[in-house]
Amino acid sequence: MRDEVTQKRRADAEHNRRHLVAVAHAAFAQDGPDLPVREIARRAGLAPATVHRHFPSRDDLLAAVLAGQVERCERQLRAALADPDSRRALTRTFHRFGEWQVQERGLVGALGGAAFADRRSAHAAAFGRLVERAQADGVLRPRVSVDDARVALMAITSARALPAVRRLTGVLLTGLLSG
């Protein structure tokens with residue numbers, strides 16, 4: 001009986017942890033990484049002490065949210081690299097990046113710290129391979145380089161609304177992709 005109670009507690013604790021990360025993700029994406037833990041606890045329907053039991057500080061909670069975002073980005077890049085259609089893979093990557101910039105604006109700047117530097121470098125290398133494959137397949141205009149594609153991604157960060165980011169992404173892709 002004791003094992004069942006312990007397992008139930010562990011399952012509840014794991015559920016609370018996943019719930020907290022999901023709620024914090026939405027909260028930080030909308031309101032930024034400086035949102036107080038008390039507000040995240042309120043949105044999660046949990047006591048602040050429960051949040052602190054799982055995450056001693058807001059930085060610990062933010063790190064868990066950001067780790068999930070980085071993992072999602074890695075999954076998307078792996079899927080893009082595995083896609084045999086380099087035009088579709090590159091186009092989807094641009095659109096996902098643009099949508100993420102708008103929908104999760106509060107988290108974008110938080111990923112710039114040293115904690116994720118190695119993974120950002122790995123993402124940049126994967127994006128470079130994606131662009132190089134598109135070049136080899138003739139998907140890009142002849143003089144478009146990896147640096148040009150990176151500049152286009154950076155331009156997308158200037159859009160603040162989803163319709164604008166979608167339109168800008170389309171315009172940029174028209175300039176990068178061959179007929």
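Predicted model: local features only at pLDDT ≥ 70, side-chain atom pairs only at ≥ 80, totals over all residues.
**Entry 1. Ground rules**

I take helices (H or I, at least four residues) and strands (E, at least two) as DSSP runs, numbered from the N terminus. By that reading Ser86 lies in helix α5. Residues are numbered from 1 along each chain as its sequence is written, and side-chain values use heavy atoms, with hydrogens and water left out.

**Entry 2. The chain as a whole**

I counted 9 helices and 0 strands in the protein chain. From the N terminus on, the order reads α-α-α-α-α-α-α-α-α. The C-alpha trace spans about 65 × 35 × 30 Å along its principal axes.

I looked up burial next, with buried meaning under 20% relative accessible area, exposed over 50%, and partly exposed in between (1.4 Å probe, protein chains only). Of the 179 residues in the protein chain, 37% are buried. The chain exposes about 10,400 Å², and carbon and sulfur atoms supply 54% of that area. Accessible areas are from the Shrake-Rupley method with a 1.4 Å probe; for residues, only the protein chains shown count as cover.

For contacts I use heavy atoms within 4.5 Å. Among contacts with a separation of 6 or more, residues 24 or more positions apart account for 71%.

**Entry 3. Ser86**

I went back to Ser86 in helix α5. Ser86 counts as buried because its relative accessibility is 2%. Its side chain is joined to that of Asp137 by a polar contact of 2.7 Å. A polar contact here is a pair of N or O atoms within 3.5 Å; within protein, one must be able to donate a hydrogen and the other to accept it, and residues adjacent in sequence count only if both atoms are side-chain atoms. Leaving aside neighbours within four places in sequence, I list Arg133, Ala134, Asp137 and Val139 as contacts of Ser86.

**Entry 4. Glu104**

Glu104 lies in the loop between α5 and α6. Is Glu104 buried or exposed? Glu104 counts as buried, because its relative accessibility is 9%. I found two side-chain partners for Glu104: Arg72 at 3.4 Å and Trp100 at 2.9 Å, each a polar contact. Beyond four places in sequence, Glu104 is in contact with His25, Ala29, Gln69 and Arg72.

Ala24 is found in helix α1 (residues 2-31). Ala24 is buried, since its relative accessible area is 0%. Not counting residues up to four places away in sequence, Ala24 touches Ala29, Ile40, Leu61 and Val65. For Ala24 and Ile40, 16 residues apart in sequence, I read 6.0 Å from C-alpha to C-alpha.

Ile40 is also one of the buried residues of helix α2 (residues 37-44), along with Val37, Glu39, Ala41 and Ala44. Gly45 follows α2 and has a positive phi, near 75 degrees.

Ala22 lies in helix α1 as well. Ala22 counts as partly exposed because its relative accessibility is 48%. I also looked up Ala22 against Leu90: they are 68 residues apart in sequence and 28 Å apart in space, C-alpha to C-alpha.

**Entry 5. Ala115**

Ala115 is in the loop between α6 (105-108) and α7. With 72% relative accessibility, Ala115 counts as exposed. Its C-alpha atom is separated by 9.8 Å from that of Leu66, 49 residues apart along the chain.

**Entry 6. The largest pocket**

I searched on a 1 Å grid over the protein atoms alone, where a pocket is an open set of points that a 1.4 Å probe fits, with protein on both sides within 12 Å along at least five of seven lines; lining residues have an atom within 4 Å of a point. The largest pocket has a volume of about 740 Å³, a volume being the space filled by probe spheres set on the points, with grid points joined across faces, edges and corners. Of its 22 lining residues, Cys73, Phe97, Trp100, Gln101 and His123 are the closest to the centre. The elements giving two or more residues to the lining are α4 (58-82), α5 (86-103), α7 (117-136) and α8 (146-156).

Which element gives the largest share of the lining? That element is α4, with 6 residues. By type, I noted 12 nonpolar, 6 polar and 4 charged residues in the lining. Ala, Val, Leu, Ile, Met, Phe, Trp, Tyr, Cys and Pro count as nonpolar, Asp, Glu, Lys and Arg as charged, and the others, Gly among them, as polar.
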